[in-house]
Amino acid sequence: MNPPIHRNPITAVESPAVGVTIDGLTKNFGPFQALKNVSFAVEPGEIFVLMGPSGSGKSVLLKHIVGLEAATAGRVLINDQDAAAAHTLERIRIALVFQAGALFNSLSVYDNLALYPREHRFGDEATIRDKVMRALQILSLENSAQKFPSELSGGMRKRVAIARALVMEPQLMLYDEPTSELDPVMSATISEIIATLKDEYHVTTIVVSHDRELALGIADRVGILMGGELVFLGPPASLRQPADPRIADFFHPRIDLKNPRFKNLET
Amino acid sequence: MKQLTHFLQGFGSAVQLLLQSARFIGTLPRQRARFIDQCYLIGYTTLPIVAILCFFMGSVLALQSGYSMENFGAKQFIGSLVGLSFARELGPVIVAILVAGRVGSAITAELASMKVYQEVDALVTMNIPPARILVLPRLAAVLVMMPVLAIIGNLIGWFGGAVVCKYVESIAIEPEAYFSALRRYMKFQDVGTGLIKAEIFGFVVVLICCSIGLNTRGGPREIGASVTKAVVVSLISILVLDYFVTKALM
Ligand SMILES: Nc1ncnc2c1ncn2[C@@H]1O[C@H](COP(=O)(O)OP(=O)(O)O)[C@@H](O)[C@H]1O
Ligand SMILES: [Mg+2]
């Protein structure tokens with residue numbers, strides 16, 4: 001089977017969609033093991049949703065894919081290129097929507113989005129303006145173009161971060177909890193954006209999320225990390241009745257007020 | 001021993017940053033706007049304190065040398081003394097210290113905050129090297145602005161000396177006499193030496209402050225720690241370099 005073709009929506013240049021292979025990835029921070037021998041592959045053009053409790057190593061895993069963290073053992077390959085090598089980011093456009101947004105605080109919303117196309121010379125200022133305004137419109141931010149990040153709410157920052165990633169026209173799109181601060185309508189919009197990018201442009205996507213609806217709705221496959229270990233890998237359908245009790249607990253937490261943990265809360 | 005490895009690590013990352021920035025020199029014409037912004041920040045905003053400090057340094061220098069040269073009956077040489085000390089030594093050192101305190105600290109604070117809040121990580125993933133857009137324009141701007149600041153500092157320092165010589169009764173030297181003494185023993189080389197020193201100090205200060213800022217790790221608390229470190233390392237570097245550069249240029 002040939003891989004699907006990624007078509008750059010602006011230049012119309014076609015290139016094969018990228019695949020990501022995570023091979024025995026282990027990451028230690030001092031004595032602490034954040035990732036334990038994690039292996040899985042994301043197929044070209046696939047939407048892969050990575051779930052798991054907080055602190056289970058999801059953000060750390062994404063950082064390995066963009067080369068911001070170096071593996072203690074194992075490796076990450078993007079189309080057979082080592083993610084840790086500097087030239088990988090020069091050859092493959094990867095956008096990461098950071099969990100905290102990571103907006104450029106000294107730049108306006110507009111300039112946050114325009115920085116990438118300007119630095120990589122996508123075209124003249126009018127072309128860039130069109131692209132930036134289109135991305136802002138998709139996320140209902142057109143009235144905030146001249147604002148600065150410090151003037152935005154948490155959810156708006158998240159949307160700016162997503163818009164900034166869209167402008168990059170990435171071949172590989174990574175979202176770190178994109179809907180965690182958004183209302184249901186906005187969350188639905190994000191799901192739609194993710195699905196559209198896949199259908200029309202074959203953008204390979206990895207979404208880190210706690211949002212079960214989003215996962216079941218758009219994922220081709222789901223992975224679940226717990227304590228740095230991959231405890232589930234498979235199609236979203238098999239999550240409806242998970243066999244593994246740890247996963248069942250994660251989706252349907254039973255809060256038992258008789259549990260000694262809550263002793264001090266009782267009056 | 002630990003101090004030594006820290007020093008060597010810091011030195012290594014500064015040199016690395018310099019080499020990385022140098023690779024992007026070709027992008028400077030495209031970065032005109034950033035370069036001009038930085039010239040404004042480094043040059044224009046530092047000018048008022050450079051003016052005030054140099055004026056009073058010149059005055060004090062004239063006052064002190066008036067007092068001590070009185071004994072040798074050499075008062076007419078005050079102009080030469082103030083002129084040469086400023087051009088060769090005080091001008092560049094004072095300007096560099098002010099740039100470290102005023103500009104360097106601001107650079108470290110800004111870059112450290114960008115690092116801590118993952119803006120630098122975002123640039124890296126966007127394949128926009130921080131050395132290119134954050135460091136190079138600042139290094140270029142300081143190279144352009146340091147000689148300007150040093151020349152203005154010299155002129156104001158000389159002028160401060162002249163004011164004291166004229167109005168302090170125990171000295172009472174007319175400006176004509178003061179400036180002719182200043183000119184008589186001043187060679188172009190003396191001013192040139194000073195400008196080279198200013199250039200080296202300013203460049204090293206900005207490089208150190210960028211490097212320490214970008215190497216900040218941890219949370220917001222580390223921003224303050226980085227700023228303190230950057231200013232201290234800059235001041236030490238200025239004075240240590242001063243000795244070696246002076247010796248080399250003699
Ligand atoms: N730079 C770091 N230094 C030390 N520990 C870290 C670092 N980054 C993450 N960790 C630890 O690794 C674990 C996984 O973190 P993370 O991937 O951010 O969790 P999440 O799954 O919520 O995104 C956490 O226990 C966190 O404390
Ligand atoms: Mg996280």
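These are my notes on two ligand sites and a handful of single residues in a predicted model.

**Conventions**

I number residues from 1 along each chain as its sequence is written, and I letter chains from A and number ligands from 1 in the order in which they are written. Since the model is predicted, I hold local features to pLDDT of at least 70 and side-chain atom pairs to pLDDT 80 or more, while totals for chains, interfaces and linings use all residues, and side-chain values use heavy atoms, with hydrogens and water left out.

**Ligand 1**

I looked up the shell first, taking a residue as near if one of its heavy atoms lies within 4 Å of the molecule. I found Phe29(A), Phe32(A), Ala34(A), Pro53(A), Ser54(A), Gly55(A), Ser56(A), Gly57(A), Lys58(A), Ser59(A) and Val60(A) around ligand 1. By class I noted five nonpolar, five polar and one charged residues; here Ala, Val, Leu, Ile, Met, Phe, Trp, Tyr, Cys and Pro count as nonpolar, Asp, Glu, Lys and Arg as charged, and the others, Gly among them, as polar.

Next I checked polar contacts, for which a pair of N or O atoms must lie within 3.5 Å (within protein, one must be able to donate a hydrogen and the other to accept it, and residues adjacent in sequence count only if both atoms are side-chain atoms). A polar backbone atom of Gly55(A) is 2.7 Å from an oxygen atom of ligand 1. For Lys58(A), a backbone N or O atom lies 2.9 Å from a ligand oxygen, and for Ser56(A) I read 3.2 Å, again from a backbone N or O atom to an oxygen of ligand 1.

Taken alone, ligand 1 exposes 570 Å², of which the protein buries 62%; the areas come from the Shrake-Rupley method with a 1.4 Å probe, and for residues only the protein chains shown count as cover. Strand 4 (32-42) and helix 1 (58-65) of chain A are the elements that give two or more residues to the shell. Helix 1 of chain A gives the largest share, three residues. Helices (H or I, at least four residues) and strands (E, at least two) are DSSP runs, numbered from the N terminus.

**Magnesium, ligand 2**

Which atoms coordinate the magnesium ion? I found Ser59(A) (OG) and Gln99(A) (OE1), at 2.0 to 2.3 Å. Donors are N, O and S atoms within 2.8 Å of the metal (3.2 Å for Na, K and Ca), and water is not among the atoms, so sites may look incomplete. The pair is 40 residues apart: Ser59(A) sits in helix 1, Gln99(A) in the loop between strand 8 (94-97) and helix 3 (109-119) of chain A.

I class accessibility as buried under 20% relative accessible area, exposed over 50% and partly exposed in between (1.4 Å probe, protein chains only). Ser59(A) is partly exposed at 22%, and Gln99(A) is partly exposed at 36%.

**Helix 6 of chain B**

I placed Arg132(B) in helix 6 (residues 130-167) and read it as buried, at 9% relative accessibility. Beyond neighbours within four places in sequence, Arg132(B) is in contact (heavy atoms within 4.5 Å) with Glu119(A), Phe24(B), Thr27(B), Gln31(B) and Pro137(B).

Leu149(B) lies in helix 6 too and is buried at 1%.

**Positive phi in chain A**

Asn79(A), though not a glycine, has a positive phi of about 50°. Asp80(A), also not a glycine, has a positive phi of about 70°. I located Asn79(A) in the loop between strand 6 (73-78) and strand 7 (81-82). Asn79(A) is partly exposed at 34%, whereas Asp80(A) is exposed at 72%.
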